[in-house]
Amino acid sequence: MALSKDELKAAILEKALNGPKAQLYVKDFYACDPEAGPRDVKNAANDLVKEGKMDFWSSGSTTMYAAKGRAKDEEHR
Amino acid sequence: MPKHDTPLLDELEKGPWPSFVTDLKRQAEKKPECFDILGQLELSFRDKITHWKHGGIVGVFGYGGGIVGRYSDVPDRFPGVAHFHTVRLNQPSSKFYSSAKLRDICNLWEKYGSGMTNMHGSTGDLVLLGTTTPNLEPLFYELTHDLNQDLGGSGSNLRTPECCLGRARCEWGCYDTQDLCHTLTMHYQDEIHRPAFPYKFKFKFSGCPNDCVAAIARSDFAVIGTWRDDIRIDQAAVKGYIKGDFIPNAGAHSGKDWGKFDIKKEVLDLCPTECMWMEGDTLKIDNSECTRCMHCINVMPRALRPGLKQGATICVGAKAPILDGAQFATMTIPFLEVKKNEDGEYAEVVEVIEKIWDWWMEVGKNRERVGETIMRVGLPTFLKVMEVTPLPQHIKEPRSNPYVFWQEDEVEGGFERDIKEFRKRNAQ
């Protein structure tokens with residue numbers, strides 16, 4: 001892992017907040033630190049959800065991540 | 001909420017079978033939102049399109065699975081189902097409940113949801129159908145604190161592990177399916193409750209090759225009980241079946257007169273590898289040819305039993321037909337002794353699981369099941385990842401590609417060579 005856990009979380013949040021896509025798969029965050037393992041990336045992304053900075057969006061079969069407030073709930077689509 | 005006219009749905013009450021329409025009408029007397037389920041479904045039948053939107057940011061704090069958001073796309077017409085989320089509960093191993101537990105769950109669901117359930121979903125979960133977003137947290141609190149019940153998996157999580165009845169009721173269980181299922185459920189709580197993978201991942205545990213939870217057809221990781229020694233034969237009982245002292249199939253097909261039991265027609269000739277024969281009145285089996293189809297054991301359970309050196313075969317990669325059609329799991333580890341270590345863990349099973357996950361999390365594409373990844377990269381690559389030596393049983397037909405692709409480390413001297421030296425020894 002080239003980045004520390006906090007740096008990785010910051011990079012993931014930056015991508016979720018300012019990237020072109022509002023909703024991202026966990027694999028979309030792998031590029032935030034190509035040296036980090038998939039487990040490190042998913043743990044960092046899941047921590048951000050726990051901290052209330054990101055949301056899980058789930059279709060029921062797949063789960064995606066979005067910065068808080070960026071994903072639109074199906075109720076309002 | 002008013003009743004809706006449902007002439008199309010009413011047709012579904014006319015057949016000989018129990019009807020979910022009747023159930024919904026009965027439940028609507030207590031929970032009027034069920035009238036709106038009927039109304040919306042009638043509209044879907046007429047429009048020939050679903051009126052459910054699925055997905056969303058619904059869930060309970062700390063969990064990234066177990067609840068599937070569901071909304072009506074015609075909420076003004078059917079306000080009772082404007083939100084109608086599904087809750088998945090982790091079923092106990094082998095689905096053993098006390099009736100008191102089922103009553104408690106149903107009472108809780110009447111309090112916070114529509115009262116409608118699906119017992120059970122395809123992964124085995126107890127599925128509670130229809131609640132609203134504000135009810136989710138109080139429901140979850142009471143489920144976990146009062147009923148000692150947890151949510152199951154959904155989304156890109158490890159789905160709720162499922163097992164057959166196993167040794168609790170079945171003499172053919174080759175390992176303790178319930179204990180393995182429960183131990184791995186506890187071991188992988190993080191993966192069940194929070195997304196971890198490119199897509200869903202399912203474990204299923206069957207105690208014998210009858211595979212009563214259809215692990216080989218429905219799970220990414222199927223652990224199917226087997227044995228590596230000989231089928232145990234009680235020759236006196238074989239004679240008993242031939243004489244008609246015992247009912248074949250333990251009476252499972254006794255509703256019709258099939259005539260006298262014919263061991264040749266009903267057992268020997270149906271063996272897929274033709275590895276059974278009679279010598280006088282003694283049954284013989286060439287066990288090295290047995291493919292564990294279980295037919296002979298199922299027909300003569302008093303006479304034949306699985307061997308005593310028991311364990312499991314691990315198959316990987318089954319899936320339903322979203323991409324490229326349905327797929328059975330591929331036999332990957334022919335035999336693994338399923339035993340707990342002194343720390344109470346099934347370390348050898350865990351090692352296999354994590355080898356698959358580490359590779360699939362890296363190589364699998366978004367929304368690609370592990371079976372699809374294996375198909376995309378090819379079985380030889382997967383076997384190399386798993387550090388498994390290929391066996392004839394890994395392929396379903398003789399090799400059609402005439403080339404052998406050697407790796408450099410498999411060739412003596414590697415791929416580097418002195419071309420002049422080579423020319424000296426070979427024709428110009």
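1. Before we get to the sheet: two strands count as paired if DSSP finds at least two bridges between them. With that in hand, look at Val68(B), whose bridge partner in strand 4 of chain B is Thr86(B). Keep in mind that this is a predicted model.

2. That bridge belongs to the pairing of strand 2 of chain B with strand 4 (residues 86–89) of chain B, which is antiparallel and runs over two bridges.

3. Zooming out, the sheet in chain B is an open one, with four strands in the order 2-4-6-5 and antiparallel pairing. Strand 2 (67–68) and strand 5 (113–119) of chain B sit at the edges with a single partner strand each, so each has one side without a neighbour in the sheet.

4. Next, the helix over this sheet. Helix 4 (residues 99–112) of chain B lies across strand 5 and strand 6 (126–131) of chain B, and its direction makes about 140 degrees with strand 5 of chain B.

5. Finally, the interface: 22 residues of chain A are in contact with 25 residues of chain B. On the chain B side, strand 1 (52–54) and helix 12 (347–363) each supply at least two of the residues that touch chain A. By type, that side of chain B has twelve polar, eight nonpolar and five charged residues.

Methods. Residues numbered from 1 in each chain as written. Chains lettered and ligands numbered in written order. Predicted model: local features only at pLDDT ≥ 70, side-chain atom pairs only at ≥ 80, totals over all residues. Contact = placed C-beta atoms within 7 Å. Nonpolar A, V, L, I, M, F, W, Y, C, P; charged D, E, K, R; others polar. Axes fitted to C-alpha atoms, helices over the stretch in contact; angles between N-to-C directions.
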